[in-house]
Amino acid sequence: SNGTTASFASRTRIVTRAKVREIFMPALSSTMTEGKIVSWLKAAGDKINKGESIVVVESDKADMDVETFYDGFLGGIVVPDGESAAVGEPIAYIAETEAELEEAKTKAGGGGGSAPAPAAAAPPPEPEPAAAPAAP
């Protein structure tokens with residue numbers, strides 16, 4: 001069916017696209033419109049596993065542990081302890097690999113996924129070549 005085609009197509013594309021995923025403020029009850037971050041159980045850069053509680057959210061009913069659906073690394077926290085966010089707002093980013101942590105942190109710091117990453121973030125290529133191997 002269609003799902004396999006899509007994943008195959010994305011696999012044949014250039015693989016440099018990092019997988020940085022958003023964690024959204026979940027609706028913990030049918031009446032909840034926003035949630036308050038009680039505390040993050042993980043810090044940016046921590047390895048996280050699917051099913052692990054990573055943040056405690058206060059809803060209109062109770063405080064609840066929220067689990068991640070992904071394995072990876074907690075990249076950037078958008079909504080810190082004590083702050084609130086509307087249901088469906090991104091509260092953090094997860095990087096799939098350590099190499100993508102910087103991108104996740106940049107996204108979190110940018111305040112929105114739509115902002116282009118500043119070009120200055122990438123170190124300029126070194127103009128001089130690396131030390132040439134000495135000829136025997």
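Which residue in β7 does K36 stand opposite? The legends below start from that spot in this predicted model.

**View 1. K36 faces S84 where β2 meets β7.** The answer to the opening question is S84, the residue of β7 that stands opposite K36. The two strands, β2 (residues 34-40) and β7, run antiparallel to each other and are joined by three bridges. As a reminder for this and the following views, strands of a sheet pair through backbone hydrogen bonds, either parallel or antiparallel.

**View 2. An open sheet is built from β5, β4, β2 and β7.** Take the strands in the order β5-β4-β2-β7 and you have walked across a four-stranded open sheet with antiparallel pairing. At its edges are β5 (63-67) and β7 (84-86); each has a single partner strand, so one side of each is left without a neighbour in the sheet. From one strand to the next, the twist averages 40°.

**View 3. I37 and V57 mark the pairing of β2 with β4.** Here β2 lies alongside β4 (residues 53-58), and four bridges hold this antiparallel pair. A handy place to look is I37, which stands opposite V57 in β4.

**View 4. β4 and β5 make a hairpin.** Four residues separate the two strands of this hairpin. Their antiparallel pairing spans five bridges. Within the pairing, V56 has D65 of β5 opposite to it.

**View 5. Acidic residues gather in a negative surface patch.** The patch is made up of E58, D63, D65 and E67. Which strand gives the most to the negative patch? That is β5, with three residues.

**View 6. A second open sheet runs through β1, β8, β6 and β3.** Four strands again form an open sheet, this time in the order β1-β8-β6-β3, and the pairing is antiparallel. The edge positions belong to β1 (20-24) and β3 (47-48), each of which pairs on one side only.

View 7. The bridge partner of K47 in β6 is F73.

View 8. Side chains of opposite charge can pair when their charged atoms come close. How many salt bridges does the model have? The count comes to five salt bridges, and one of them joins E52 to K42, with 3.0 Å between the closest N and O atoms. This pair links distant parts of the chain, ten residues apart: E52 sits in the loop between β3 and β4, while K42 sits in the loop between β2 and β3.

How values were computed: Residues numbered from 1 in each chain as written. Predicted model: local features only at pLDDT ≥ 70, side-chain atom pairs only at ≥ 80, totals over all residues. Heavy atoms only, no water. Pairing = 2+ DSSP bridges. Axes fitted to C-alpha atoms, helices over the stretch in contact; angles between N-to-C directions. Patch = residues over 30% accessible without salt bridge, like charges linked within 9 Å, V, L, I, M, F, W, Y side chains within 5 Å. Areas by Shrake-Rupley, 256 points an atom, 1.4 Å probe, with all protein chains shown as cover. Salt bridge = Lys/Arg side-chain N within 4 Å of Asp/Glu carboxyl O. Lys, Arg positive; Asp, Glu negative; His and termini not counted. Charge placed at Lys NZ, Arg CZ, Asp CG, Glu CD.
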